[in-house]
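Please read the points below beside the model. They take up the chain as a whole and then one of its helices.

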Amino acid sequence: MSNPSDGQIKIFAGSASKVFVDKMCKYLETEPGKSYTHVFTEGSTYVRADESIRDKDVYIVQTIGKNPNDSFMELIFWVDAFHRASANSITAIIPYFGYAKADKKDEPRVSIRARVCADCIELCGCDRVLTMDLHAAQVQGFFTKPVDHLYASSLLCEYARRMGIVNDNLVVVSPDAGSAKRARAYANMIGCNVAIGDKVRLGHDENPNALEIIGDVKGKTCMIVDDFTLSGNTLCKAAYGLMDKGAKEVYAFLSHAILKSDAVERIEASPIKQLVTTDTVDNSDVLGGSTKIKIVSAAPLFAEAVRTIHERQPMSYMFGHLPERLLNMSFEGLDV
């Protein structure tokens, strides 16, 4: 592997993604860019690059998950700082773009926040965006600059294979109708059937969150897939519904998780045997006592994408079979 530093590449960490950048740089065998971030007592943010980035290709990594407003403001300050410091190019790497949920005007007099964020990022001087599993794929079209959109499915499906749950008895489950397309994509990669959960109200006295399952799950190992969870409510209700319909066991696979302690407790108490997600958002502060939640690192995937972009190579191979070294580093420390 070529050393990225020889090609004038610099990866800087926003305050929400420092551990993530350390893992990226380990994969690329380079060092993170030297930088300084400070939050003043009134809450305003100050950022500074502590090394020259003139004429260099700069990559700033900042997830927009927990504390999204602070994280977003810091991101655009970094982009502006690099632009003013005469970087050759600036790529904003947003492992989890939380505002992608706000992709349309679905109520009167509301903001399309994803579009506002895209405009701000570009206005500050960003040349390219790299992200993963946007909640709404059309958000890519909110940018006029190139957007590279990665998928966690290759990582998560490979982990499922190594866990040994991929067999003729497996069914991929969408927890609601909105995630059916994603579930079909996972099922095609694995080679199994799909079931879809549908919340229904059967009558005035019935549970409004009763789950109707479209598809055969009796006696099956069920693999719920979704792009993210905040509270764990939808996942846990789907798991209870699947067990009520005769499922043998239930696993959950998510691209992103933004968890608080009550969500972890809810998942731990649910029928979900194991929940597998990535480290696009740092949940280490609430996972200390968890026995069910496993973290697969997406940092090597992003690092490989950076290497590919920097060397001006096509990204298409990253949507199929991933390099063995990437997978091994993603699963490092996990019992597979």
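1. Among contacts (heavy atoms within 4.5 Å) in the chain between residues at least 6 apart in sequence, 66% join residues at least 24 apart. This is a predicted model, in which local features need pLDDT of at least 70 and side-chain atom pairs count only at pLDDT 80 or more, while totals for chains, interfaces and linings use all residues. Residues are numbered from 1 along each chain as its sequence is written, and side-chain values use heavy atoms, with hydrogens and water left out.

2. The chain has nine helices and 14 strands, which are DSSP runs numbered from the N terminus (helices H or I, at least four residues; strands E, at least two). Its radius of gyration, taken over C-alpha atoms, is 21 Å, close to the 20 Å that the globule rule (2.2 Å times the number of residues to the power 0.38) gives for 336 residues, so the chain is as compact as a globular protein of that length.

3. Buried residues, meaning those under 20% relative accessible area with a 1.4 Å probe and protein chains only, make up 51% of the 336 residues in the chain.

4. In helix 7, which spans residues 261-269, A263, V264 and I267 are buried. Seen down the helix axis, the buried residues of helix 7 fall within an arc of 100° (from the directions from the axis to the C-beta atoms), so they line one face of the helix. What covers them includes helix 6 (233-244), strand 13 (272-278) and strand 14 (293-296).

5. On the other side of helix 7, E265 and A269 are exposed, that is, over 50% relative accessible area.
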